[in-house]
Amino acid sequence: MARLLYQQDSTPMHQRMARRHIRLCGQIIGAASLGQAMQPKLDVLTVKARDRHAAEELCENVQDDLVLTDSYLDNGVRNLFENARMYDRNNMTRITEMLFPHLTFSDIINMPLSEEPLKVAQLIEKLGQLEEGNELRNYIETLTEASKSVNTVLEARRNTAENLSRRQADEELARAAVRAQYESNYLDARKQFGRQHAEHLFPKVANRRGKRSGGADEADREE
């Protein structure tokens with residue numbers, strides 16, 4: 001019996017099996033209609049897989065941007081801490097303790113990225129309480145811009161993640177359509193040509209082990 005397609009089969013497996021089936025249908029008289037029925041389903045899957053791949057690249061790009069913008073924000077917090085300590089030494093003040101009650105900046109830069117801008121906003125609010133002319137107030141603009149950049153990229157990450165989920169769902173539906181058409185073609189071929197001759201319309205593969213359904217290829221091989 002021909003090897004049918006299964007839900008756990010990857011997109012490349014669906015594409016390869018469908019493509020080979022279409023080609024075989026074109027070589028056997030009277031089977032062209034089966035290939036024609038499959039072609040639109042394969043075309044849609046190809047588009048949806050391309051869209052999903054593009055969405056994955058966008059997610060990777062945004063993640064890289066997030067790491068970069070967060071490093072700028074972290075450096076701003078570090079610099080503020082170091083300069084506050086220097087200011088305290090030179091002016092006999094306790095601004096560092098006011099800004100960083102735990103006398104460390106690590107609790108801020110090591111917190112989840114989604115929470116760090118809010119914590120930095122609290123730092124900015126404290127800086128705003130310093131008297132006009134205090135050199136540490138220069139960090140208000142620096143930290144505000146860095147925090148704004150992180151928030152912008154966090155929003156982009158949420159959007160790209162949602163987009164990827166939609167693209168993955170679309171690809172799954174397209175795989176299901178190919179799978180259903182493949183099975184339908186097999187049943188129709190058996191009715192039209194008989195079981196033995198119908199087998200010639202479907203590529204022969206030996207299933208060695210199952211893989212998750214996704215972009216990765218599987219371990220099936222040709223006989």
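1. Start with M92: at 76% relative accessibility, this residue counts as exposed, because the cut-off for that label is over 50%. Keep in mind as you read on that this is a predicted model. M92 sits in the loop between α2 (32-91) and α3 (95-99).

2. Next, have a look at L103. You'll find L103 in the loop between α3 and α4 (106-109). Here too phi is positive, about 55°, although L103 is not a glycine. Buried or exposed, then, for L103? Exposed: its relative accessible area is 52%, and over 50% is what the label takes.

3. Now for α6, which covers residues 139-193, 55 residues in total. From first C-alpha to last, α6 reaches 79 Å, close to the 81 Å expected at 1.5 Å a residue. What follows α6? That would be G194, with a positive phi near 90°.

4. Helix α1 takes in residues 11-25, so count 15 residues there. Its reach from first C-alpha to last is 21 Å, close to the expected 21 Å.

5. Which residues of α1 are buried? They are T11, M13, H14, M17, A18, R20, H21, I22 and C25.

Technical notes:
Residues numbered from 1 in each chain as written. Predicted model: local features only at pLDDT ≥ 70, side-chain atom pairs only at ≥ 80, totals over all residues. Heavy atoms only, no water. Helix = DSSP H or I, 4+ residues; strand = E, 2+ residues; numbered from the N terminus. Expected span 1.5 Å × (residues − 1). Buried < 20%, exposed > 50% of the residue type's maximum accessible area, 1.4 Å probe, protein only.
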